[in-house]
Amino acid sequence: MSRQIDRLIQPANKKKMKVIVASCSRSGTLGLLAAMRILGFSPYHMTEACFNGPEHMKILEEAVIAQHNRFSGIKRYERAEFDKWLSEYDCFIELPSYLGTQALEVYAEDPDVKFILTHRDPDKWVTSLNSTVANVVRAATSFPINILKHFDIILKRFFRLNQVMYWAISDGTNPGDPNNEAALRRNYIEYIKFAKSTLPKDRLLLVKLEEGLGWEQICPFLDLPIPDEKYPRGNEPEKFQKLVESFLKPRVQLAALKVGTLAVTALGMIGYAGWRMSK
C-alpha cells in the first residue's frame, strides 16, 4: 500500500533530532513548545502539523493509524520514515505519545537524542484533556462544523486528525461514553510506565508537573544557559482555546462563505427552474 509518507518530498537540508519531549497533551507541552523555541530548537508539535497544511496532517494521521490499527494495512513508521517526516526539525514534542511504542523505541537507540517526560496526576490529566482536546472532537460532529468541514480541506483534515488521535488514546471511545474516562486513565498510566522503563535514564529528564517545571530543570539537562526571560506558561485551558480558535476562525469563515455562495446559487437555480416551468 502506498503511504502518504512515501510521497513526501525530501528536502535537501536535514536536521538531526536532538530532543524528544515524550509528554502527553495537557502535560505542560504548550509551555515546552515555547521554551524549546526560545532555546533555539526547531520543534515539531501538533501546531506545526496543522499549519503545514493537509499533507502533514495526513502524514500524522497515517502514522497514528499504522501504530494503533493492525488491520489498516499501513506499514508502521520506522526511523527512516520519522527522519524523512521530521527532517526540518530537531525536537519532537507531544506527538510521540500518540504514536505508542514505536516513536520512543526508534529514538531511544540513538545516543545523541535526549528525552523530556513530564507527567501529572492521571485523574487531573483526564479532566484536563476532556475539557480541552475533547471539545475539538465534540465539535467535529456538532452543527455547524459537521457541515462546514466538508467545504474546506483544512477543516476536514484537522477535525479528522483530532478524532483519530483522540480515539487512539481512548480505545475508540468518544467524550461522554461510559468507558471513556476509564480508558483514557488506563492508557495514560500505561504510557507513562512504558516511557519510564524504555527511555535511557541517563538521557531522560523526568518531571512531575505538580512539583514545578521551568528553566532550572530543563537548561542544565540540555547543557544550555538559562535565558533572561521567564519560563513560558501555556497549559491553561483558555490559552489552548485561543490557539485553536486562531487556527480555525479564518477556515470556518471561508467555509461559511462557500456554503452561502452555494446556497444563493442553488436558490437562484430553483427560482429559475420555477420561472421556466411557469412559461
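Serine 42 is found in the loop that runs between helix H1 (29-38) and strand E2 (43-44), where helices (H or I, at least four residues) and strands (E, at least two) are DSSP runs, numbered from the N terminus. The structure is a predicted model, in which local features need pLDDT of at least 70 and side-chain atom pairs count only at pLDDT 80 or more, while totals for chains, interfaces and linings use all residues. Residues are numbered from 1 along each chain as its sequence is written, and side-chain values use heavy atoms, with hydrogens and water left out.

When residues up to four places away in sequence are not counted, serine 42 touches Lys15, Glu88, Tyr89, Asp90 and Cys91, a contact being defined by heavy atoms within 4.5 Å. The side chains of serine 42 and lysine 15 are joined by a polar contact of 2.6 Å; such a contact is a pair of N or O atoms within 3.5 Å, of which, within protein, one must be able to donate a hydrogen and the other to accept it, and residues adjacent in sequence count only if both atoms are side-chain atoms. Glutamate 181, by contrast, is 139 residues from serine 42 in sequence and 34 Å from it in space, C-alpha to C-alpha.

H1 is followed by glycine 40, whose phi is positive, near 100°.

The protein chain as a whole has twelve helices and five strands, and its C-alpha atoms fill a box of roughly 85 × 45 × 40 Å, taken along the principal axes. Of the 279 residues in the protein chain, 51% are buried. Among the contacts in the protein chain with a separation of 6 or more, 76% are between residues 24 or more positions apart.

In helix H7 (residues 133-140), the residues Val133, Ala134, Val136, Val137 and Ala140 are buried. They lie on the same side of H7, because they cover an arc of only 155° around the axis, the arc being that of the directions from the helix axis to the C-beta atoms.

The structure holds two cavities of 30 Å³ or more, and about 330 Å³ of space lies in the largest cavity. The largest cavity is lined by 21 residues, of which His45, Met46, Asn162, Phe240 and Val244 are the closest to its centre. At least two residues of this lining are supplied by each of H1, helix H2 (46-51), H7, helix H9 (153-169) and helix H12 (237-277). On a 1 Å grid over the protein atoms alone, a cavity is a set of points where a 1.4 Å probe fits but cannot get out, whereas a pocket is an open set with protein on both sides within 12 Å along at least five of seven lines, and lining residues have an atom within 4 Å of a point. Grid points are joined across faces, edges and corners, and a volume is the space filled by probe spheres set on the points.

Asparagine 162 is found in helix H9 and is buried, with a relative accessible area of 9%. A polar atom of its side chain lies 2.8 Å from the backbone oxygen of phenylalanine 158. With neighbours within four places in sequence left aside, asparagine 162 is in contact with Met46, Val136 and Val137.

The largest pocket has a volume of about 300 Å³, and, of the 19 residues that line it, His68, Ser97, Gly100, Asn187 and Tyr191 are the closest to its centre. Helix H3 (54-68), helix H6 (122-130), H9 and helix H10 (180-198) each supply at least two residues of this lining, the largest share, six residues, coming from H10.

With a disulfide taken as a pair of cysteine sulfur atoms within 2.5 Å, the count comes to zero disulfides. The sulfur of cysteine 50 is too far for a bond, because the closest cysteine sulfur, in cysteine 91, is 17 Å away. Cysteine 219 is likewise in no disulfide, the nearest cysteine sulfur, that of cysteine 91, being 13 Å away. Cysteine 50 counts as buried at 6% relative accessibility, and cysteine 219 counts as buried at 0%.

Methods: Buried < 20%, exposed > 50% of the residue type's maximum accessible area, 1.4 Å probe, protein only.
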